[in-house]
Structures are given as C-alpha cells and as structure tokens.
Amino acid sequence: MASPKNRSNSVRKVKRRTPQGTTTIYKRRVKGKKHSCAVCKGKLHATHSLPSLAKSSRHPSRIYGGNLCHLCAKKAIIFSQRIKDGSMQQTEVEILLLPYVKPLLQK
Ligand SMILES: [Zn+2]
C-alpha cells in the first residue's frame with residue numbers, strides 16, 4: 001500500500017521506463033497553487049495556468065485581471081479617480097495598492 005503522503009489527490013503518477021526496460025510508477029506532487037490577489041491574498045476566480053488554453057480564458061480581461069481581485073481593482077480605480085479630482089491625496093492610499101493606482105493616474 002502507498003505511504004500516507006502519497007494517498008493525497010495532490011499527488012500525480014508519472015510512468016518512467018527504467019534502464020532494465022520495465023516501467024515503474026513514480027509519484028510526484030502536483031505543481032502550481034491557486035492564484036491569489038496581490039493585495040488582499042484572496043482567491044482569484046476564473047484563472048488557470050494551463051498554457052494550452054486561450055489567453056482570454058486564462059484570466060479575466062479587465063484591468064489588473066489575474067493580479068488583483070475585482071474588489072481591489074475597483075478600489076484602485078476609485079482611488080485614482082479621487083486623486084485626479086483632488087478630493088484625496090496619494091499619501092492616503094494603502095501602500096500595497098499604490099503600484100496599481102499610480103499607472104492609472106497617467107492615463
Ligand atoms: Zn484583493
């Protein structure tokens with residue numbers, strides 16, 4: 001019986017041919033993690049890492065899709081607009097959001 005660490009669903013089976021000509025099954029950990037938001041570390045929806053998929057189905061096509069969740073992207077857009085209007089200053093924005101707010105100011 002497989003050892004407990006290899007009984008998980010996050011273990012994949014890899015068939016390899018040995019020099020003797022027999023095939024053996026190795027067990028390897030599944031690569032990759034769930035994609036997460038860069039600001040709030042929440043789970044990102046509608047994201048995949050498979051290179052065989054079309055680019056449009058690997059991440060959302062909105063601004064900062066695949067990097068920020070929809071709530072943090074919304075915050076970045078709102079803050080950038082408030083800074084443009086003058087009702088808010090750049091120092092009031094969260095430090096983690098600043099790299100996403102600054103490029104929006106130049107547009
Ligand atoms: Zn977020």
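Is K41 buried or exposed? K41 counts as exposed, because 9 C-beta neighbours lie inside 10 Å; the cut-offs are 20 or more other C-beta atoms within 10 Å for buried, 12 or fewer for exposed, and partly exposed in between, with C-beta atoms placed from the backbone.

## About the model

You are looking at a predicted model, where local features need pLDDT of at least 70, side-chain atom pairs count only at pLDDT 80 or more, and totals for chains, interfaces and linings use all residues. Residues are numbered from 1 along each chain as its sequence is written.

## Two domains

The chain splits into domain 1 (1-31) and domain 2 (32-105), with bounds from an automatic or database domain assignment. Taken over C-alpha atoms, their centres are 38 Å apart.

## Helix α1

Let's turn to α1, which covers residues 70-85. Helices here are DSSP runs (H or I, at least four residues), strands are E runs of at least two, and both are numbered from the N terminus. From first C-alpha to last, α1 reaches 23 Å, close to the 22 Å expected at 1.5 Å a residue (1.5 Å times one less than the number of residues).

Its buried residues are C72, A73, A76, F79 and S80. Seen down the axis of α1, they fall within an arc of 130°, so they line one face of the helix; the arc is that of the directions from the helix axis to the C-beta atoms. On the other side, L71, I78 and D85 are exposed.

## Positive phi values

Just after α1, G86 takes a positive phi of about 95°. K41, not a glycine, has a positive phi of about 60°, and Y64, also a residue other than glycine, has one near 60°.

K41 sits in the loop between β2 (23-29) and α1, and Y64 is found in the loop between β2 and α1. Y64 counts as buried because 21 C-beta neighbours lie inside 10 Å.
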